[in-house]
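Look at the sequence and the 3D view before going on.

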Amino acid sequence: MAVAPVAQDDEVAAARPESLSDLFWSFSLLALQGFGGVLAVVQRELVEKKRWLTLDEFVEDWAVAQIMPGPNVVNLSLMIGGRHFGIRGALVALAGMLTFPMVIVLLLAMLFAGISDEPAARGALRGLGAVAAGLIAATGLKMLPALRKNTMGPTACTIIAVLTFAAIAVARVPLLGVLLGLGLPACVWAWYRLGRA
Amino acid sequence: MNLVMTPSDWLAFFGHFLSLSLLAVGGAIALAPDMHRYLVDERLWLSDPEFSSSIALAQAAPGPNVLFIALLGWNVGLNTGGYGAAVLGMLLAMCGVLLPSTALTYSASRWAHRNRTHRAVRAFKLAMAPIVIALLVATAWLLASALYGKAHAGISWLLTLACTWIVWRTRIHMLWLLGAGALLGAFGWV
């Protein structure tokens with residue numbers, strides 16, 4: 001991810017969540033619209049419709065939500081809730097993001113368990129899985145343009161990306177090994193390049 | 001599958017999710033390969049179809065993709081017995097995977113916001129970018145290869161590649177793709 005533009009100090013969001021329940025229902029509605037992932041909906045709802053965030057703030061928050069461990073959109077809801085209502089806001093936003101989708105996904109799983117012996121149901125799920133794999137790959141590919149401005153340079157980025165893919169997909173190295181073996185040297189290299197830039 | 005899990009097994013289960021939480025850089029889905037290694041290959045708590053169907057159902061449902069972890073816990077619980085165990089598995093999995101990361105994110109996001117121009121913060125962001133991207137593509141690769149055993153492998157890969165391209169390059173709503181995938185599968189074409 002490229003360095004996020006620093007938000008203008010004189011530019012502030014036009015609106016904010018009115019109350020904890022506003023926060024809860026807003027995030028619930030948001031989560032329930034997100035098929036195959038919530039990110040696209042977050043940007044449209046919170047920046048364009050509700051105006052809780054300016055675009056600059058959104059990009060900056062997203063960069064942090066993305067690099068911190070944990071589900072990205074869950075992290076983002078924590079950060080936005082926390083900014084307006086402290087720790088209570090963070091928990092309420094998190095609850096909004098997870099409660100209803102969790103109930104729905106369990107209902108789906110139970111529904112599917114009842115028919116999981118039907119060849120058509122198994123087939124449908126295989127088809128869904130094939131699409132789901134495509135959605136995940138595309139999410140990664142959509143982030144490629146962010147590498148263009150990466151200070152580490154295109155060669156280093158390509159090497160790191162290819163090695164990461166090979167380690168995970170081919171050699172089946174545990175994630176921790178990849179983060180230590182590739183992430184640490186990458187951090188050192190980025191640190192060095194930033195010093196020269 | 002009929003499974004017996006002792007309290008210490010549940011503790012190990014919870015501990016594994018706890019330990020993975022802070023490694024979920026790039027989203028919870030980045031944990032999928034390691035969870036597959038642990039739950040399916042090592043512990044035999046889940047079968048391959050159960051694992052892939054958890055991910056596929058969570059992707060098909062609205063909401064954050066992290067809910068596939070709730071389903072993994074739910075299915076491990078179901079394999080040991082009734083719905084009580086399933087709810088226990090679900091709660092342990094979700095709490096385990098979310099507690100460390102949310103605590104860290106909440107405190108760190110404030111710190112990072114204050115220090116966003118600091119060289120170390122910028123170096124970390126830059127270094128993680130290619131890794132996070134490759135991780136997503138590798139996850140998709142692993143999911144697809146676990147899914148397609150023998151039959152129809154060629155057409156299924158084609159469907160995955162087509163979806164990748166469509167989502168990457170066009171603005172077609174994902175719901176249409178998921179629906180099309182389910183239909184093609186139900187008719188036995190993929």
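The dialogue below takes a core, a contact and a residue in turn.

Q: What kind of model is this, and how are residues numbered?
A: It is a predicted model: local features need pLDDT of at least 70, side-chain atom pairs count only at pLDDT 80 or more, and totals for chains, interfaces and linings use all residues. Residues are numbered from 1 along each chain as its sequence is written, with chains lettered from A and ligands numbered from 1 in the order in which they are written.

Q: How many residues does the largest nonpolar core have?
A: In soluble globular proteins, nonpolar side chains tend to be buried together. A nonpolar core is a set of buried Ala, Val, Leu, Ile, Met, Phe, Trp, Tyr and Cys residues joined through C-beta atoms within 7 Å. Here the largest has 130 residues. Val105(A) and Leu143(B) are among those with the most contacts inside it. Helix α6 (residues 119–147) of chain B gives the largest share, 19 residues; helices are DSSP runs (H or I, at least four residues), numbered from the N terminus.

Q: How many residues does each chain give to the contact?
A: Two residues are in contact if their C-beta atoms, placed from the backbone, lie within 7 Å. Chain A gives 85 residues and chain B gives 87. On the chain A side, α5(A) gives the most, with 21 residues.

Q: Is Leu98(A) buried or exposed?
A: Buried means 20 or more other C-beta atoms within 10 Å of a residue's own, exposed 12 or fewer, and partly exposed in between; C-beta atoms are placed from the backbone. Leu98(A) has 23, so it is buried. Leu98(A) lies in helix α4 of chain A. Ser28(A) is 70 residues from Leu98(A) in sequence, but 7.6 Å away in space, C-alpha to C-alpha.

Conventions
Helices (H or I, at least four residues) and strands (E, at least two) are DSSP runs, numbered from the N terminus.
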